[in-house]
Amino acid sequence: FERCIEAAASLIDLYHRSGYTYRLLCAVGPGLPAARGTDHFHRCLDYLAEVEGSSRAEALLIRLAELESASGAEGTLVVVTGHLSASGAVALSGCRRRFRQVIAVVLPAHRFGTDSTRARWEGEQATHEAVTMLTRSDVHAVVLGQGESIAAGWASLSTHPVNGGERRWGLKPEPA
C-alpha cells in the first residue's frame, strides 16, 4: 500500500512539474477535482497522506465503471494498484473508449511479501495474465517489485511510442 501511495505521489509530482492539469481519484473516497498549480499539488499530497486502503476488490472495479460511463473524452488515465485481477484488466480496457491512453502501474503484494514460493508463483501468473489482457487492449502496464524504481518504471513508458508514433512524454529540455 505504501509503495502505491509513493507511486501516486511520484506521478502527481511528474504531472505538476510538467504543467499538466490532473485530478486525483482513489478507489474509495471523493478524490480531488482537476486543477494544476502548487496549491493543487499540495492538496493532492495531503490527500494521499490521509487516504486509507480498501481490502474490497470490487472498489476499484466500481470506480473504473464510473469513469468509463462518464461522458466526454479525456487524455490519460493512470491507475496505480497493488493487485490487478483479470476483471480489473477488463475494466481498465473498457476505459480505453473514453481515455486517449490508459496506463496501469502495478505493485503486486506477492513481489513484496514473504509468502511461499507457490503463492508468489501463483500471484505472478495472475499478474502476467492481467498484463497480457491489458497489452492486447492497448493499455500499457508497468509492474514493479521490491527494489525496482518507480521513476525507472515510469520512464520506461516514455521510450515506447504510442498511437501515431508520438511519445508519451517529451524529452526533458537540456539546461541552457
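The expected span of a helix is 1.5 Å times one less than its number of residues. I take helices (H or I, at least four residues) and strands (E, at least two) as DSSP runs, numbered from the N terminus.

**Ground rules.** The model is predicted, so I note that local features need pLDDT of at least 70, that side-chain atom pairs count only at pLDDT 80 or more, and that totals for chains, interfaces and linings use all residues. Residues are numbered from 1 along each chain as its sequence is written, and side-chain values use heavy atoms, with hydrogens and water left out.

**Helix α2.** I looked up the length of α2, residues 38-50. Its 13 residues should span 18 Å at 1.5 Å a residue, and the end C-alpha atoms are 19 Å apart, which agrees.

Next I asked which residues of α2 are buried. For this, buried means under 20% relative accessible area, exposed means over 50%, and partly exposed lies in between (1.4 Å probe, protein chains only). The buried ones are His-40, Phe-41, Cys-44, Tyr-47 and Leu-48. They cover an arc of only 125° around the axis, which puts them on the same side of α2. The arc is that of the directions from the helix axis to the C-beta atoms. An α-helix has 3.6 residues a turn, so residues three or four places apart point the same way. On the other side of α2 I find Asp-39, Asp-46, Ala-49 and Glu-50 exposed. The cover over the buried residues of α2 includes α1, β1 (22-24) and β2 (32-35).

**Helix α1.** I then turned to α1, residues 2-18. This helix has 17 residues and reaches 24 Å from its first C-alpha to its last, close to the 24 Å expected at 1.5 Å a residue. Its buried residues are Cys-4, Ala-7, Ala-8, Leu-11, Ile-12, Leu-14 and Tyr-15. They sit on the same side of α1, because they cover an arc of only 160° around the axis. The face turned away from that buried side carries the exposed residues Glu-2 and Arg-17. After α1 comes Gly-19, with a positive phi near 85°.

**Cysteines.** How many disulfides does a search of the whole structure find? I use the cut-off that a disulfide is a pair of cysteine sulfur atoms within 2.5 Å. The search finds zero. Cys-26 is in no disulfide, and the nearest cysteine sulfur, that of Cys-44, is 9.5 Å away. Cys-26 is buried, with a relative accessible area of 14%. Cys-44 is likewise in no disulfide, its nearest cysteine sulfur being that of Cys-26. Cys-44 is buried too, at a relative accessible area of 0%.

**The sheet.** I looked up the strand order and found three strands in an open sheet, β3-β4-β5, with parallel pairing. Two strands pair if DSSP finds at least two bridges between them. The edge strands are β3 (74-81) and β5 (140-143), and each pairs on one side only. Four bridges join β4 (residues 99-106) to β5. Ala-104 has Ala-141 in β5 as its bridge partner.

**Helix α3 and Leu-60.** Helix α3 (residues 58-69) lies across β3 and β4 and runs at about 180° to β3. Axes are lines fitted to C-alpha atoms, for helices over the stretch in contact, and angles run from 0 to 180 degrees between N-to-C directions. Leu-60 is found in α3. Leaving aside neighbours within four places in sequence, Leu-60 is in contact (heavy atoms within 4.5 Å) with Ala-27, Val-79 and Thr-81.
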